[in-house]
Amino acid sequence: MDYFPAFLDLRDRSCLIVGGGAVAERKYRLLASAGAVITVVAPDISAAIASLAAGGGHLLLRREFRAADVAGHWLVVSATGNPAVEQAVYRAATAAGTFCNGVDDVANCSYITPAIVDRSPVIVAISSGGAAPVLARKLRAQIELLLPVGLAKLASLARAWRERVSNRCSDLLSRRRFWEAVFDGPAASMAIAGDVAGAEAAMRELLQTLRAGESGEAWLVGAGPGDPGLLTIRALQILQTADVILHDRLVSEEVLGLARRDADRISVGKTPGCRVNSQDEINALLVGLVRSGKRVCRLKGGDPFIFGRGGEEAEALRGAGLRYQVVPGITAAAGCSAYAGIPLTHRDLSQSVTLITAHGKDSVDSLDWPALARAKQTLAFYMAVQRFADLMNMLIDNGRSADTPVAIIENGTTPRQRVIRGTLGQLTLLADANRVAAPAMLIVGEVAALGAELPGTMPHLSQNYAKPDFRVANKG
Ligand code: SAH
């Protein structure tokens with residue numbers, strides 16, 4: 001983070017503007033709207049600024065800037081357009097320990113001002129850290145469209161009700177529940193539409209029905225295979241409201257970074273250092289948290305109901321009589337193949353796709369190999385890294401051609417994605433030569449060859465892998 005974002009309370013605090021032209025006037029208006037007491041220093045001060053200052057309390061100094069002018073001010077704005085003056089102002093302010101903004105002059109800034117969307121009391125501030133002001137303004141335009149003008153009414157109403165709600169709901173959790181119910185419900189839409197009386201009636205009703213500690217619930221949420229862009233909108237909303245995030249080891253830091261800042265994060269899974277790792281312990285933890293009134297986001301890699309043991313967690317919650325919802329995610333087979341340019345089905349090449357877990361030797365042995373070995377179908381193997389030799393042998397022994405294309409996708413959809421291509425007969429050699437490690441998907445089938453032709457989502461990451469000397473293997 002190059003700049004630390006903050007909102008300043010400038011009411012009745014003195015600020016200095018150096019410069020008296022149109023830019024200075026714009027800054028004057030902005031600072032005045034925040035209640036600052038303003039001093040302007042410049043040999044020429046425009047009539048517009050003079051008439052703004054006529055309101056009282058402000059000071060106009062019609063002369064050149066002097067270093068001593070910065071004394072006693074909370075903020076300094078330098079809007080002279082003259083590089084020498086800007087620099088002098090910046091130096092004087094810095095020496096005095098005061099923040100200074102040289103307008104459009106990043107070199108002479110110790111603070112910069114964001115593009116803003118004003119729905120006071122809600123303010124959205126956007127900054128590119130001075131790197132791309134035009135981009136920041138573009139984003140501003142998009143956010144302007146996104147936020148209804150009536151948001152200001154809703155936020156003012158919330159401010160007016162704050163104390164009443166605090167008196168009524170003594171604990172933090174029930175207060176948060178109340179406000180979320182307000183902002184997600186009819187009260188919010190009424191306030192935004194301007195029906196403040198209707199909104200207040202809905203809020204009174206909510207306040208009456210609200211009881212603390214009764215609203216624990218869980219969401220079993222799919223986080224997708226890694227790229228946070230593959231989260232669903234619903235998953236994002238839940239990440240930003242849940243009190244606790246109970247997540248698998250596979251869930252990426254980028255995804256976790258989208259969670260509510262003050263949410264508790266608990267990592268569960270079979271990793272060294274994890275307190276809770278057996279499925280029974282995870283179920284018990286989940287049930288215990290929801291019972292205590294927490295809203296828990298049980299965040300799993302990919303989709304919760306595809307090799308994610310989400311079914312068992314749902315049963316545990318239902319058995320305990322607790323509320324839960326399931327939010328599907330993009331499963332690794334779908335995400336990884338898309339990012340590798342491999343269509344899982346194709347009109348000419350594959351009429352079906354089978355999702356298979358290769359976890360545990362018993363489950364591999366019990367698969368219907370003759371059926372899986374038939375041509376023109378796609379097999380997507382999860383948890384297969386330790387089982388490549390078995391899978392290769394079983395498929396070939398049951399009649400699938402050793403020339404069938406395969407692709408191994410390691411760390412799919414992340415910046416560390418690797419796609420390793422070859423044929424079924426080369427599978428173990430390819431994996432060894434490239435030291436393939438979990439998490440990885442194995443795609444077997446005619447479609448796997450297409451990845452070499454179609455760019456996928458990360459073409460720059462798809463061509464870089466070792467191709468061992470297959471002739472040696474073929475002789476052996
Ligand atoms: N519920 C998950 C699967 C969990 S099993 C889903 O729907 O995707 C874990 C296996 O998923 C891993 O061993 C690996 O085979 C696969 N996997 C998950 N994320 C992956 C990724 N980013 N790249 C490659 N494979 C991944």
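Analyst: A residue counts as buried when its relative accessible area is under 20%, as exposed when that area is over 50%, and as partly exposed in between. Keep that in mind as we go, and please remember that this is a predicted model.

Let's begin with Cys-100. Its relative accessibility is 0%, so Cys-100 counts as buried. Cys-297 also has 0% relative accessibility and therefore counts as buried. Now for bonding. A disulfide is a covalent bond between the sulfur atoms of two cysteines. To be counted here, a pair of cysteine sulfur atoms must lie within 2.5 Å. By this rule the number of disulfides is zero. Cys-100 shows how that works out: the nearest cysteine sulfur belongs to Cys-109 and is 6.8 Å away, and Cys-100 is in no disulfide.

Next, the backbone. Most residues other than glycine have a negative phi, and most peptide bonds are trans. Against that background, a few places are worth a visit. Between Ser-120 and Pro-121 the peptide bond is cis, with omega near 10 degrees. You can find Pro-121 in the loop that runs between strand S6 (115–119) and strand S7 (122–126). Another cis peptide bond links Ala-438 to Pro-439, where omega is about -5 degrees. Pro-439 sits in the loop between helix H17 (427–433) and strand S17 (440–444).

Two residues to look at for phi are Lys-376 and Met-383. Lys-376 is not a glycine, yet its phi is positive, at about 60 degrees. Look for Lys-376 in the loop between helix H15 (369–372) and strand S14 (378–382). With a relative accessible area of 44%, Lys-376 is partly exposed. Met-383, also not a glycine, has a positive phi of about 50 degrees. Its loop lies between S14 and helix H16 (388–397). Since its relative accessibility is 40%, Met-383 counts as partly exposed.

Finally, let's see a pair of helices. H11 (residues 279–291) packs with H12 (residues 310–319) at an angle of about 45 degrees, and their axes are 10 Å apart. H11 and H12 are therefore oblique to each other, and their crossing is right-handed. On the H11 side, Gln-279, Ile-282, Asn-283, Leu-286, Val-287 and Val-290 make the contact, meeting Glu-312, Glu-313, Ala-316 and Leu-317 of H12. Sorted by class, this contact of H11 with H12 has six nonpolar, two polar and two charged residues.

Technical notes
Residues are numbered from 1 along each chain as its sequence is written. This is a predicted model: local features need pLDDT of at least 70, side-chain atom pairs count only at pLDDT 80 or more; totals for chains, interfaces and linings use all residues. Side-chain values use heavy atoms; hydrogens and water are left out. Axes are lines fitted to C-alpha atoms, for helices over the stretch in contact, and angles run from 0 to 180 degrees between N-to-C directions. Helices (H or I, at least four residues) and strands (E, at least two) are DSSP runs, numbered from the N terminus. Angles under 35 degrees count as roughly parallel, over 145 as roughly antiparallel, 65 to 115 as roughly perpendicular and the rest as oblique. A crossing is left-handed if the near helix is turned anticlockwise from the far one by less than a right angle, and right-handed if clockwise. Contact means heavy atoms within 4.5 Å. Ala, Val, Leu, Ile, Met, Phe, Trp, Tyr, Cys and Pro count as nonpolar, Asp, Glu, Lys and Arg as charged, and the others, Gly among them, as polar. Buried means under 20% relative accessible area, exposed over 50%, partly exposed in between (1.4 Å probe, protein chains only).
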